[in-house]
Structure formats: structure tokens, C-alpha cells
Amino acid sequence: MTKPPRKPRSIGLKKETEEPPLKSGRLRRRPDFKKPELLLEPIPARVDPCLAQLTMRPPKGDDWRYEIKWDGYRAHIHREPKGVRILTKNGNDWTHKFSAIAEAALALTPTTYIMDGEIVVLDEEGRSDFNLLVRSLGGRNGNQVAANAICMVFDLFYQNGRDLRKMDYSERRQILEEGPAGATGAIRLSEEFDADPDILLRKACELDLEGIIAKRADAWHMPGRTGTWRKIKCKQSDTFQIVGYEPSSSPGLLASLLLAQDNNGKLRYVGTVGTGFKDRDLRELKAALDKLKVAKPVIPIRTTRKNLVFTKPALYAEIQFRGWTTDKKLRHPSYKGLRLPEEL
């Protein structure tokens with residue numbers, strides 16, 4: 001039986017604006033997602049994710065697709081012959097933490113598949129709130145079951161014995177849209193929007209969302225930050241690895257952090273951050289970094305600062321900033337907090 005067309009939804013949430021709400025794109029028809037097929041290709045045990053590259057402005061053109069950026073944990077839902085696994089971007093099995101999503105994945109369809117999405121907890125206005133998600137898990141490194149978490153899915157790698165990773169993103173998305181994920185429940189389809197990306201970004205910022213994502217329609221699935229996916233945030237922020245610190249004149253404290261950016265496995269020094277810290281941050285960071293000391297910097301660092309302490313790049317800092325200098329250093333950076341590898 002052919003599914004009736006889905007009505008477009010807006011990102012208006014509960015906040016009124018003078019302009020009409022933006023409408024989601026029309027769905028494109030594909031063969032029935034539930035139709036069983038013979039296993040032709042084995043289901044991958046794990047798929048490395050495509051990571052969005054941070055840019056100041058959204059790319060434009062018919063070759064790009066646009067979505068809202070969700071703030072949560074990236075996850076892949078594996079519906080396999082023996083059951084369901086929910087894997088984080090680093091390959092850790094967190095099925096036990098998101099049992100409601102796992103149960104929904106079992107109920108969706110009898111076929112095998114791998115969906116890509118973001119696990120989030122929504123606030124009363126329908127916005128993803130990372131702090132609510134962390135709290136639902138019992139804090140960082142917590143192991144509670146997050147009963148209120150949902151997964152917003154936006155890509156499909158495998159279905160019914162077919163490996164889809166060498167299909168264009170628009171084609172993978174087309175098949176996903178014909179699947180059973182909907183607007184409610186523990187697994188939901190992340191909407192695409194047919195709109196000028198500048199207007200979409202402005203509306204997202206007006207609604208206190210994190211930003212938008214742009215995806216190249218004709219791109220195969222390519223792991224890492226290849227530029228085929230772009231993230232544009234309302235407030236410029238990103239995660240950087242800490243590669244050392246400048247000690248403070250006060251005992252037990254630090255004055256600033258040395259930061260590096262990961263670009264497809266290669267670290268590059270991007271400057272220091274010395275603002276945004278609370279007193280407790282300064283003490284806890286120094287204690288943690290002192291356990292990671294190394295004799296020499298792990299990457300070339302050009303600076304006139306003295307008495308620097310170098311560390312292994314094992315800690316990640318969320319930094320808000322206003323842009324980049326001409327020599328590719330962070331401009332007006334401010335420390336926001338530590339992020340765990342699973343949160344990146």
C-alpha cells in the first residue's frame with residue numbers, strides 16, 4: 001500500500017515570528033522500505049561517521065541539503081539479524097543506556113539496516129538540550145538509562161542486504177525518508193528544509209537552536225571532516241584538544257591552555273585561551289593535565305610565552321570564539337568546558 005505524502009512541518013516550535021515558518025522539503029518516492037530482500041552484502045560491524053566541518057557561512061546552491069543541527073550524542077543504530085546495537089561515533093556500545101531507542105528500532109521494520117543520527121533530549125520548546133541529556137544519563141561518565149532520549153536520524157548506510165555508502169547522499173536520504181521513522185516516538189526523521197540557508201540559519205538562531213547543517217547532495221559517505229558536511233553555528237564554538245598550559249603565578253592554578261585542532265588526524269596549533277574559567281576549572285584542569293605531561297610538545301608550537309607545560313592531547317575543550325586571525329589562530333577565545341570524546 002502506498003504511503004500518503006507526509007505533510008511538511010515547520011521549525012516554528014512555540015515561538016512566533018513575523019515571517020511564515022519554513023517548510024520541510026517534499027519527500028521523494030522510493031521502493032517500500034519493508035520489502036524483504038536476500039542478503040547480498042554483509043552488514044558492516046561498524047561505520048566510521050562523516051563529521052561536519054565548521055564554517056562561518058552556509059554553502060549555497062542546488063547541490064546542498066539543509067537541516068537543523070542537533071546537540072547530543074552521535075550514534076549509529078544497527079538493526080542486525082540477532083538484534084539491535086546502538087554504537088557511539090567512537091564505536092562504543094551504548095545500547096543499554098538507550099533501551100527505549102533500541103526497542104523502537106526493533107519495532108520499526110523486520111529488515112536489517114544501519115541508521116545514522118543524533119541522540120538528544122528535547123526541552124519544553126522542542127529544542128535539543130545537551131545538559132538535559134547528560135543529566136538523564138547520570139552525569140558525565142554516568143551509566144543510567146536515558147528513558148527520555150530520542151534519536152533524530154538523518155542518514156542510512158545499509159538496508160536489506162545492500163551497502164548504500166557509495167550512493168549519493170540524496171539517494172540514501174530518499175530511501176530513509178520512505179522508511180518508518182516519523183515525527184514522534186523514540187526514533188524520528190530529522191527534517192530537511194527547502195529554504196535559503198541564510199534565512200534558515202537566522203531563524204534557527206532566533207529560536208535559540210545551535211545552528212544548521214549543510215550536506216552535499218551528490219557525495220558518497222566519506223568518513224572524517226571532508227567538507228561534504230558543514231556545520232554553521234549561531235555562536236561560533238568548536239572542540240579543540242589541549243596540548244599544554246601556561247602555569248599561573250598562583251600555586252595550583254594555570255593561566256591559559258594551549259589548543260590544537262584536529263584536521264583529519266593531523267593536529268595544528270591554534271593558540272591559547274585564558275578567559276572563561278572558574279576557579280574550580282583552573283585547579284581541576286591543572287591537576288588533570290599534570291598527569292599527561294610530556295617533555296616536548298606533540299606538535300610545533302610557535303609562541304613567545306615562557307615556562308610552558310606540554311601534555312598529551314587527551315583532553316578536549318569546548319571553546320567559544322569570534323573567528324580566526326590571519327595566521328589561523330583563534331580570535332577572542334573563551335573556555336566553556338571539557339567535552340568527552342563521545343560528545344564530539
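I began with W229. I looked up its relative accessibility and found 5%, so W229 counts as buried. I note here that the model is a predicted one.

**Entry: the partner of W229.** I found that W229 forms an aromatic pair with Y169. The pair is edge-to-face, with 6.0 Å from centre to centre and 75° between the planes. I then placed both residues. Y169 belongs to helix α3 and W229 to strand β10 (residues 229-233), so the pair ties together parts 60 residues apart in sequence. I checked Y169 as well: its relative accessibility is 1%, so it counts as buried.

**Entry: a second pair.** I went on to F240 and W324. They also make an edge-to-face aromatic pair, 6.3 Å centre to centre with 70° between the planes. Where do F240 and W324 lie? I found F240 in strand β11 (residues 237-247) and W324 in the loop between β15 (309-320) and β16 (334-339). They are 84 residues apart, and the pair links distant parts of the chain. Is each one buried or partly exposed? F240 is buried, with a relative accessible area of 1%. W324 has 32% relative accessibility and counts as partly exposed.

**Entry: other rings.** I looked up the total and got 9 aromatic pairs in the structure. I also noted one aromatic cluster formed by Y73, W94, F98 and F130. Two of these rings have a charge over them. K97 lies over the face of W94, 3.7 Å from the ring centre. Over the ring of F130 sits the charged end of R339, at 4.4 Å from the centre.

**Entry: the cores.** The largest nonpolar core has 33 residues. I asked which of them touch the most other members, and found I77, F98, I101, M115, I119, L133 and I187. Elements giving two or more residues to this core include β3 (73-80), α1 (99-108), β5 (113-120) and α3 (169-177). The largest share, 5 residues, comes from α1. A second, separate core has 22 residues, among them I242, Y245, F277 and L292.

Leaving aside neighbours within four places in sequence, its contacts include Y73, F98, I101, L133 and C151.

**Entry: a buried glutamate.** Last, I checked E191, in the loop between β8 and α4 (197-206). Its relative accessibility is 8%, so E191 counts as buried. I looked at E67 too: E191 and E67 are 124 residues apart in sequence, yet 6.1 Å apart in space, C-alpha to C-alpha.

Methods. Residues numbered from 1 in each chain as written. Predicted model: local features only at pLDDT ≥ 70, side-chain atom pairs only at ≥ 80, totals over all residues. Heavy atoms only, no water. Core = buried A, V, L, I, M, F, W, Y, C linked by side-chain atoms within 4.5 Å. Buried < 20%, exposed > 50% of the residue type's maximum accessible area, 1.4 Å probe, protein only. Helix = DSSP H or I, 4+ residues; strand = E, 2+ residues; numbered from the N terminus. Contact = heavy atoms within 4.5 Å. Phe/Tyr/Trp six-rings, centres within 6.5 Å; stacked < 30°, edge-to-face > 60°. Lys NZ or Arg CZ within 6 Å of the ring centre and 35° of its normal.
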